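Please look at the sequence and the structure first.

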Amino acid sequence: MSLEYGCLVAFRIFSTVFVQNGYVHPDEFFQTTEIITGDVFGVVHDRPWEFNKDAPVRSIGLLYGIFGMPLYIAKWIFKLYKIPWNPFLLMFVFRLVTCAVSLVTDYSLYKICKILKLKYNRYLLLLSSSYVIIVFGTKTFTNSLELALVSLLLWKVIDSMTLSDKVIAAENEIRNMYAYRTSITDKVVMSRKLRLLPSHHFSHCLEIGTILAVGTFNRPTFLLFAVTPIFYWVSRGFSKNDDRFVKIFNIRFIVLFLCTLPGVFALILIDSFYFEHITENKASLVVTPLNFIKYNIKPSNLAEHGIHFRMTHAIINTPLLFNVLTILFVGRLQFNSLIKIILNHHYHLLPNIHEVNTLMMANVIIPLFLLSIFPHQEPRFLLPLLLPIVFSTSKYFSSHYMKDSKCLLPIWCFSNIIGFIFYGYLHQAGVTPMISHLFQDIKYASNTYIIHSHTYSIPVGLLMVPQLNESLLYTNQRHIKVYDLGSSLDPDALYDTVMNISKHITCKEELVVYFALSGPLIKQFESVGNVSSLKYTKNVFFPHLSMESLSFYFTSMIDLLYHDNNMPYYISLTELRDIFSLVLYKITIKTE
């Protein structure tokens, strides 16, 4: 491994654990760590609808395997050495796990290069310098797990393809060697040599079957990324005129299906016990991928999560994630040459469908097309395209190509630095530091009320407030309630909404309410609060950029630049910092 690659991996681990406070999407908490934290520590947590017991659409098995087991081990170690838990340590454990998971993609690419006898340094450097692996790949998304699983699948399939090619080449060589020999002795020798060749028809069958089962239960969309590699696995090692093709194709497919069954049954049983479909009084099985598909085929359900233009993945999300690699990949397709070959009927000049390069390119095009059928399209859905698109375009970063395109490497580096800063350091980056502050501030509070607006949902499980125990009804227990006001209220209405919520909270003496608000709205909120003699203190968490408040950033910047010219320089800088921050108000309201 090169020094440059080692530095990039070290940067990935360091930035993930200590620097990255970016909060890409609520699902990075609410579909993974929020559930595991609640179960392992018995704390108050926000359990999303995907994990309802009646018809869950998310499997719990892989989450416990990836996040639950390390957390149980860490919990045991912390208890042994009497180390108190806090949000940072909790996220530290999860982030170390996701760093390890992201390295599965690196290792898979390394093994693929070794199998194909390629110089792996360039491939690994390109992969590890992408902000997608540094930021998205190290988040606690199920999509990040999907990226690792697709990478493993490609490695195993390519290894099987290479083995088949070697065995068949050796078989043909032996047959050609004895083609014109008619003696019984020569035929016996040929037969012995053929029998000594390794079996290749079902290579890595059990591993691939297990990956298919786990990947499908993690995210059923895994099948869209798996369809191309699986086709290559079952169809490898045959010529067009091979009479055995259909027979062995079907046998391989059936055997692979059988190899997926142990993993499928194990995950079904885990989910059925976890979601209490199997108890002393009843026994029924829950198949979460089936529930997922049933839910997502209904357009009305998808509309609740947002309907996007069908080409969003192709023209927005792909360039957003892979930037210059998208252009290089499209250029690699050579549409003009393909059209000329087809029009001139020179089909023998078409790329060999059984090559690894063709597999990698197909494993970008086909999943991208299939995912574009669904109207709900988010960038993170495309994470598993990272390895094949890096593999397909890495040749353009060789010294031969770099001579003619000297601006390619600077563009790649600059675009990934921008992506890392935005998603890893700025986007909703005030939420997790605010949680660490709240953890200390509410440690001895009996009742905690948190309201937030124009920012992402707060993963309340990180606050580690114990769940209410009905058997301890008359003991002093901690209560916590979180109100999400969304992003639809204007600043003038926020104050009235906060006060209305406060009126419905019963408290004997003083009521303390925490209100988290995106920076560009604080000036108007405070003006309303000051007029009403609202008593509060505030903490500012910088940096924080909320796309839910995008229009307010423009108006706040205009006010600062054009209406506050007489303001001292240091005050202007303070206000600018506040605009790009998350502000937490601790509001004290006297009750009657």
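## A residue pair in the sheet

In strand β5, which residue is the bridge partner of Y514? The partner is K586. Strands and helices here are DSSP runs numbered from the N terminus, a strand (E) having at least two residues and a helix (H or I) at least four.

The model is predicted, so local features need pLDDT of at least 70 and side-chain atom pairs count only at pLDDT 80 or more, while totals for chains, interfaces and linings use all residues. Residues are numbered from 1 along each chain as its sequence is written, and side-chain values use heavy atoms, leaving out hydrogens and water.

## The five-stranded sheet

An open sheet is built from five strands, ordered β2-β1-β3-β5-β4, with mixed pairing. At its edges are β2 (479-484) and β4 (535-541), each of which pairs on one side only. From one strand to the next, the twist averages 20°. Two strands count as paired if DSSP finds at least two bridges between them.

β1 pairs in the parallel sense with β2 over six bridges, and I451 stands opposite Y483 in β2. The pairing of β1 with β3 is also parallel, over five bridges; there I450 has Y514 of β3 as its bridge partner. Strand β3 (residues 510-518) in turn pairs with β5 in the antiparallel sense, over nine bridges.

D441 lies in helix α21 (residues 431-441) and K586 in strand β5 (residues 582-590), so the pair ties together parts 145 residues apart in sequence. Both are partly exposed, D441 at 31% relative accessibility and K586 at 28%. A salt bridge is a side-chain nitrogen of Lys or Arg within 4 Å of a carboxyl oxygen of Asp or Glu.

## Other salt bridges

The whole structure holds 10 salt bridges. One of them joins E575 and K523, whose closest N and O atoms are 3.6 Å apart. This pair links distant parts of the chain, with E575 in helix α25 (residues 569-579) and K523 in helix α23 (residues 522-531), 52 residues apart. E575 is partly exposed at 22% relative accessibility, and K523 is partly exposed at 47%.

D39 and R47 form another salt bridge, at 2.9 Å, N to O. Their relative accessibilities are 25% for D39 and 32% for R47, and both count as partly exposed. Side chains of opposite charge can pair when their charged atoms come close.

## A nonpolar surface patch

I73, W76, I77, L80, Y81 and I83 form a nonpolar patch on the surface, with about 650 Å² of accessible area together. I73 belongs to helix α3 (residues 61-80). Patches are made of residues with over 30% relative accessible area and no salt bridge, with like charges joined within 9 Å and nonpolar side chains (Val, Leu, Ile, Met, Phe, Trp, Tyr) within 5 Å. Accessible areas come from the Shrake-Rupley method with a 1.4 Å probe, and for residues only the protein chains shown count as cover.

Definitions and conventions
Buried means under 20% relative accessible area, exposed over 50%, partly exposed in between (1.4 Å probe, protein chains only). Axes are lines fitted to C-alpha atoms, for helices over the stretch in contact, and angles run from 0 to 180 degrees between N-to-C directions.
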